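Subject: Handover of a structure and notes on its features

Dear colleague,

Please find the structure below, followed by a written account of what was found in it. Kindly read the account with the structure open beside you.

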Amino acid sequence: MLRFKRAGLIGAAVAFFCGLILHGAFGEFGLELIQRSYDYPFGPRPPIPVNEVVMVYLDEESHKELNQPFNAPWDRSVHARLLERLTADGARAVVFDIVFSDAGPNPVADEYFARAIRANGKVVLAADSVPAAYGKQSVQAKTIIQPYSPFLEAAAAIGSAEVVPDQDLIVRRHFHGSPDDQIRSLSWMAAEVLKAAVTRDPQQRFSPRWVNYYGPPRKTIPSVSLYQALDTNAISSGFFSNKVVFVGAHLLTKFSGERKDEYRTPFSYWSSGENLFMPGVEVQATIFLNLLRGDWLTEFHFLTEKLLILAVGLVFGFGLIQLRPAASTAVALAGMLGVALADYLLFRYTRSWFPWTIMVVQILTALVSAVVFNSIRLYVQNKLYEQSLALYLSPKLVRKFASNKELLRPGAKKETLTILFSDIASFTSISEGMDSDELARHMNSYFQTAVAQCIHHTDGTIVKYIGDAIFAFWNAPDPQSDHALRACEAALRFRDQPPQYMNGEQLARRLHGAGRKHQPGLAHGRTEQIPRHGHSNHRTNPGRRGGDNHHSICRSLPAQRVRKGSGGL
C-alpha cells in the first residue's frame, strides 16, 4: 500500500508539472493547446442569430456590375450613392472598413462623398496603422494613416482597422488599441458612436476580451453585395432601417503580392472553400457586436486555471495508479469527457472558458503513468511468481503455470498423489561447528542437485524444504497418469547421484525409517485435500506401492498429517 501511495504522489506530480508546462510556466510550449481550448467549443454550439448588423460587400460581382477596376480605388460617387440609400432607409450607423487616405482622381466625386458622410451624421471611417520601424520594436512604433481630410472632418469618428491575429491567422482577442496608440479601434469607435454601455469607461477597452463568433463566415450576419444595395428593386426600401451597416471588401482573388483582408476562424476546422476564411470587415462587425451586446467571451482567471490544473493533476495522477488498467482507462476517459463537457456548458451558457485541452493532456499523462507503473509492477510480480514456482515446480511446469494464476486462488481439490521424503543422515552432527557461509554453500549445492536432477527432472512438485529435508509429490498441480513411475524414477536418481561431501564426511540421503543409505522413501495413495496455494491440511491414505519393480526403494508409509499453515505450494 505504501508503494502505491508513493507511486500515486509521483503520478500526481508528473501530471501537475505537465499541466504547468503547457499552461505557460516555462514559455509558450502549450500555446496551441490553449488556443484549441478556445476554438473547439464553437463547433457544436448552434449559431447565434444576428439582427443588428448588415454587411455590404465590395465583392467580385459588384466590381463587374458597377464597372469598377480591381487594381484601382473605387469611384467615390458609388460610396456616396450607397450612403444616400442608407440614410434614406434610416440606418443607425455606417462603418467603412476602407481607408480613404488620399484624394481621388475625381474631385467632384470626393466632394459628393464628403456631403453624403456629413448628411448621414453617423459614419465611422477606418484609419490604417502601419509599423514605423522594423524588428522587434515595430509593433510599438506605429504610424496612423488617417482618412482624407474632407472625409475626416465630415465623419462622426475614425478608428484603427488593425486587428491582431494569432500565428494561425485566427483573431481570438479583442484589440482596441494600446495606451500609447493615438486612436482606438474601429469597432470600439462604432460602439462609442452608438453609446454602448461598455464604452462609457474609456479604461474598459484595455480589459481582456475574447471574440465571440456568432457562426460561420458569411452565413450568420446578414449580407448583400454593394450593387444590390444600390438597387431598390433588389433590396427593398427599409431593409437597412435601424441597422448598423458595415461596408468592406470581400474578394476571393487578389493580384499577386496583395494581401487578402481575411482571416481564419474557429469554424475553419470544419469548413472548406469560400467558408474557410472570414472577411476582415466581418471580423470588425463581430467584435463590434460583442461590445454592443456585451456578450464577448471571458477566460478564467490565471490563478483559477492554475488551481484547476493542480486539482486535475492530484486527482487523476494519484487516483489512476491505484486502479486496475481497465478501470483506470474508463475513469480517464470519463474524466476527459467530463472536462470537455464542463467547458462546453460554461462556454455556451456563461460565455466563459478555460484551457480544458491541457487538462485532457494531464489526464492522458496520468493514465500513461498509471499504465507504465502497473505494467512494471505486474512484470515484477510475474517474475517473483515464476521464481516462487521455480522453487517447487520443474522448469516445464513453471512455463505452463507462469501465465495461469489458478494456483493463487484459495481452495483445494481431492487428488491421488505419490509423495517422496528425503533428508540427510546425521545432518546435525555433520553440520555442527561449520561456518554458516560454508554450510549454505554446501546445502545449496545439495538442494540444486537433488531438485534439478531428481525431482524437477521427473516433473515433481516440491512441497517444502525443512532444514535438510525435502518433501515432494507427483500428479499435482499438473495431472500425471504415470505419477508413481515418475516418483520411482526420481528415487532411483537420488540413489545414483555422485557422492557429495560436507565437513569431510560423505552425505547419505535417506528417508526416515528406511534403514538404508541413499534410499529415499515413497508413499502412494489418495489425499483428502490438495491445496491450491499457501495452506495444507490433508491426510494421506497409503495404498499400493509406487512400483512393483522397485520394491527395495518403494514402500507404504503411515498416515501423515501436515499442519495447516505450514507453508509450501
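What percentage of the residues in the chain is buried? Of the 569 residues in the chain, 47% are buried, where buried means under 20% relative accessible area, exposed means over 50%, and partly exposed lies in between (1.4 Å probe, protein chains only).

Two remarks on the source are needed. This is a predicted model, in which local features need pLDDT of at least 70 and side-chain atom pairs count only at pLDDT 80 or more, while totals for chains, interfaces and linings use all residues. Residues are numbered from 1 along each chain as its sequence is written, and side-chain values use heavy atoms, with hydrogens and water left out.

**Overall make-up**

The chain contains 16 helices and 21 strands; these are DSSP runs numbered from the N terminus, with helices being H or I of at least four residues and strands being E of at least two. Contact means heavy atoms within 4.5 Å. Among contacts between residues at least 6 apart in sequence, 74% join residues at least 24 apart.

**A network of salt bridges**

The whole structure holds 15 salt bridges, a salt bridge being a side-chain nitrogen of Lys or Arg within 4 Å of a carboxyl oxygen of Asp or Glu. One of them joins D39 to R172, with the closest N and O atoms 2.7 Å apart. D39 belongs to helix 2 (residues 31–39) and R172 to the loop between strand 5 (157–160) and helix 7 (186–193), so this pair ties together parts that are 133 residues apart in sequence. Both D39 and R172 are buried.

R172 also forms a salt bridge with D168, again with closest N and O atoms 2.7 Å apart. Through shared partners, salt bridges join R36, D39, D166, D168 and R172 into one network. D168 lies in the loop between strand 5 and helix 7 and is buried, with a relative accessible area of 17%. Leaving aside residues up to four places away in sequence, D168 touches Q35, R36, R264 and Y269.

D89 and R85 form a salt bridge at 3.4 Å, N to O. Both residues lie in helix 4 (residues 76–89), where they are four residues apart, about one turn of the helix. D89 has a relative accessible area of 9% and is buried; R85 is buried as well, with a relative accessible area of 9%.

**Two packed helices**

Two packed helices are described by the angle between their axes and the distance between the axes. Helix 11 (residues 325–350) and helix 12 (residues 356–390) pack at an angle of about 175 degrees, and their axes are 9 Å apart. Axes here are lines fitted to C-alpha atoms, for helices over the stretch in contact, and angles run from 0 to 180 degrees between N-to-C directions. Helix 11 and helix 12 are therefore roughly antiparallel, a term that applies to angles over 145 degrees. On the helix 11 side, the contact includes S328, T329 and A332, and on the helix 12 side W356, M359 and V360 are among the residues involved.

F302 is found in helix 10 (residues 302–319) and is partly exposed, with a relative accessible area of 48%. F302 and H23 are 279 residues apart along the chain, and their C-alpha atoms are separated by 9.4 Å.

A colleague

Terms used. Parallel < 35°, antiparallel > 145°, perpendicular 65-115°, else oblique.
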